[in-house]
Amino acid sequence: MYQRVTKELYLYFLPYPMSYLRDSNDEHRRIRAALASHDGGEAARLAHEHVAALHRTMYVGLTASEDDTA
């Protein structure tokens with residue numbers, strides 16, 4: 001199931017430039033640091049922002065545009 005879904009999603013995947021991937025890794029480090037310092041609120045906020053960015057940028061054509069919802 002995972003392989004089938006991943007194969008289908010790759011049709012929409014946009015590769016990221018290295019600078020974006022470095023920034024993403026920095027976000028992972030900040031999330032890990034917040035968890036290590038037992039700051040669950042900050043970890044949750046950072047994780048939410050990180051995942052929201054993925055939803056906006058990782059795949060194209062999977063969500064309706066504003067014009068499609070009118």
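Helices (DSSP runs of H or I, at least four residues) and strands (DSSP runs of E, at least two residues) are numbered here from the N terminus. By that convention H38 is found in the loop between α2 and α3.

This is a predicted model, in which local features need pLDDT of at least 70 and side-chain atom pairs count only at pLDDT 80 or more, while totals for chains, interfaces and linings use all residues. Residues are numbered from 1 along each chain as its sequence is written, and side-chain values use heavy atoms, with hydrogens and water left out.

**The chain as a whole**

The secondary structure comes to four helices and zero strands, and the pattern read along the sequence is α-α-α-α. Of the 70 residues of the chain, 13% count as buried, where buried means under 20% relative accessible area, exposed means over 50%, and partly exposed lies in between, with a 1.4 Å probe and protein chains only. The chain exposes about 6000 Å², of which carbon and sulfur atoms supply 58%; accessible areas come from the Shrake-Rupley method with a 1.4 Å probe, and for residues only the protein chains shown count as cover. Among contacts (heavy atoms within 4.5 Å) between residues at least 6 apart in sequence, 60% join residues at least 24 apart.

**Salt bridges**

Side chains of opposite charge can pair when their charged atoms come close. The structure holds three salt bridges, a salt bridge being a side-chain nitrogen of Lys or Arg within 4 Å of a carboxyl oxygen of Asp or Glu.

| Pair | N to O distance |
|---|---|
| D26 and R29 | 2.6 Å |
| R45 and E42 | 2.7 Å |
| R45 and E49 | 2.6 Å |

D26 and R29 are three residues apart in helix α2 (residues 18-36), and therefore are separated by about one helical turn. D26 is partly exposed at 31% relative accessible area, and R29 likewise counts as partly exposed, at 44%.

How are E42, R45 and E49 linked? These three residues form a network of salt bridges, with R45 bonded in this way to E42 and also to E49. R45 and E42 both lie in helix α3 (residues 40-57), three residues apart, about one turn of the helix, and R45 and E49, being four residues apart in helix α3, are also separated by about one helical turn. R45 is partly exposed, with a relative accessible area of 38%, as is E42 at 27% and E49 at 41%.

Leaving aside neighbours within four places in sequence, H50 is in contact with S24, E27, H28 and I31. With H28 the side chain of H50 also makes a polar contact of 3.0 Å, that term meaning a pair of N or O atoms within 3.5 Å, of which, within protein, one must be able to donate a hydrogen and the other to accept it, while residues adjacent in sequence count only if both atoms are side-chain atoms.

**The loop residue H38**

Most residues other than glycine have a negative phi. H38, in the loop between α2 and α3, has a phi near 60 degrees, a positive value in a residue other than glycine. H38 is exposed, with a relative accessible area of 73%.
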